[in-house]
Amino acid sequence: TYVELDAISDSLENAVIATEDRTFYKNSGINVKRFLLAIVSMGRFGGGSTITQQLAKNAFLTQEQTVTRKAKEFFLSLELTKKYSKQEILTMYLNNAYFGNGVWGVEDASQKYFGTSAANLTVDEAATLAGMLKGPEIYNPIDNIQNATNRRNTVLANMVDDEKLSQADADSAAGVDMAIKGLVMTIGIRLTLMLSLKKLLRLMA
């Protein structure tokens, strides 16, 4: 489900930028130093791509680690920066990102993992989703709550360091127990399904 940036919580935008690309609104869409490292190492090293480079890779290129692919990513990122605004690039990035368990895009990920829209994500939920971008199969709260919790807390620390969140708010978000939150959400979904089924049966009676 594609959503515009104004339908995505500020907390998620801040979490993603603080963790993935702090100079996003200032850079030219590329990280020259890491690109050169990728060339020298024949594509084996040079991670830490900008958000624009990640968009180029996720939406238009393959995931192979080769010099050719890295070069394509580099020049495509420059073209994306020329053609689109930073807000448009971030919107496309969040809608094309993979969040594990067959889920693409931030809106569907919000619904899948937290039963809410991307616009209504809490700080801890936003940090969890932002943390999953590094490794969605490793850091999603369904498959590994401990990894997801640790990664979420790292993102919260990044937000504090980037002055996007106060330490008190970060501590509060870090105190949310994902296991309990997941259980509450599951119970809520089951109750909703039960009520819907009862309503359907009444209509059929």
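Visitor: Which helix does Arg152 lie in?
Guide: Arg152 is in helix α9, which covers residues 145-161. Keep in mind that this is a predicted model.

Visitor: And is Arg152 buried or exposed?
Guide: Arg152 is buried. It has no salt bridge, though.

Visitor: What is the nearest side chain of opposite charge, and how far away is it from Arg152?
Guide: That is Asp124, at 4.4 Å.

Visitor: What does the side chain of Arg152 reach at 2.9 Å, then?
Guide: The backbone oxygen of Val176.

Visitor: Which residues does Arg152 touch, leaving out those up to four places away in sequence?
Guide: Asp124, Ala127, Thr128, Ala173, Ala174, Val176 and Met178.

Visitor: Now Lys86. Where is its place, and is Lys86 buried or exposed?
Guide: Lys86 sits in helix α5. It is buried and has no salt bridge. Asp21 is the nearest side chain of opposite charge, 6.0 Å away.

Visitor: What does Lys86 touch?
Guide: Phe24, Tyr25, Asn27, Gly29 and Thr52, with residues up to four places away in sequence not counted.

Visitor: How many salt bridges does the structure hold?
Guide: Two. One joins Arg22 and Asp161, with the closest N and O atoms 2.7 Å apart.

Visitor: What does that pair tie together?
Guide: Arg22 is in the loop between α1 and α2, and Asp161 is in helix α9, so the bridge links parts 139 residues apart in sequence. Arg22 is partly exposed at 36% relative accessibility. Asp161 is exposed at 54%.

Visitor: Which side chains meet in a salt bridge at 3.6 Å?
Guide: Lys82 and Glu79. They are three residues apart in helix α4, so about one helical turn separates them. Lys82 is exposed at 68% relative accessibility, while Glu79 is partly exposed at 45%.

Visitor: Switching to the aromatics. How many aromatic pairs are there?
Guide: The count is three. One of them is Phe24 with Tyr25, whose ring centres are 4.9 Å apart.

Visitor: Why is the pair of Phe24 and Tyr25 edge-to-face?
Guide: Because their planes sit at 70°, and planes over 60 degrees apart count as edge-to-face. Phe24 is buried, with 0% relative accessible area. Tyr25 is partly exposed at 38%.

Visitor: What about the rings of Tyr98 and Trp104?
Guide: Their centres are 4.7 Å apart and their planes at 45°, so that pair is tilted. Tyr98 is partly exposed at 25% relative accessibility. Trp104 is partly exposed too, at 49%.

Visitor: Last topic: the core. How many residues has the largest nonpolar core, and which have the most contacts inside it?
Guide: That core has 40 residues. Leu12, Phe99, Val106 and Leu129 have the most contacts inside it.

Visitor: Which helices each supply at least two residues of this core?
Guide: α1, α3, α5, α6, α7, α9 and α10. As general background, nonpolar side chains in soluble globular proteins tend to be buried together.

Visitor: And what is Phe99 in contact with, leaving aside its neighbours within four places in sequence?
Guide: Leu94, Gly105, Val106, Ala109, Tyr113, Leu129, Met132, Leu133, Pro136 and Asn140.

Definitions and conventions: Residues are numbered from 1 along each chain as its sequence is written. This is a predicted model: local features need pLDDT of at least 70, side-chain atom pairs count only at pLDDT 80 or more; totals for chains, interfaces and linings use all residues. Side-chain values use heavy atoms; hydrogens and water are left out. Helices (H or I, at least four residues) and strands (E, at least two) are DSSP runs, numbered from the N terminus. Buried means under 20% relative accessible area, exposed over 50%, partly exposed in between (1.4 Å probe, protein chains only). Lys and Arg count as positive and Asp and Glu as negative; His and the chain ends are not counted. A salt bridge is a side-chain nitrogen of Lys or Arg within 4 Å of a carboxyl oxygen of Asp or Glu. A polar contact is a pair of N or O atoms within 3.5 Å; within protein, one must be able to donate a hydrogen and the other to accept it, and residues adjacent in sequence count only if both atoms are side-chain atoms. Contact means heavy atoms within 4.5 Å. A nonpolar core is a set of buried Ala, Val, Leu, Ile, Met, Phe, Trp, Tyr and Cys residues joined through side-chain atoms within 4.5 Å. Rings of Phe, Tyr and Trp (its six-membered ring) pair if their centres lie within 6.5 Å; planes under 30 degrees apart count as stacked, over 60 as edge-to-face and the rest as tilted.
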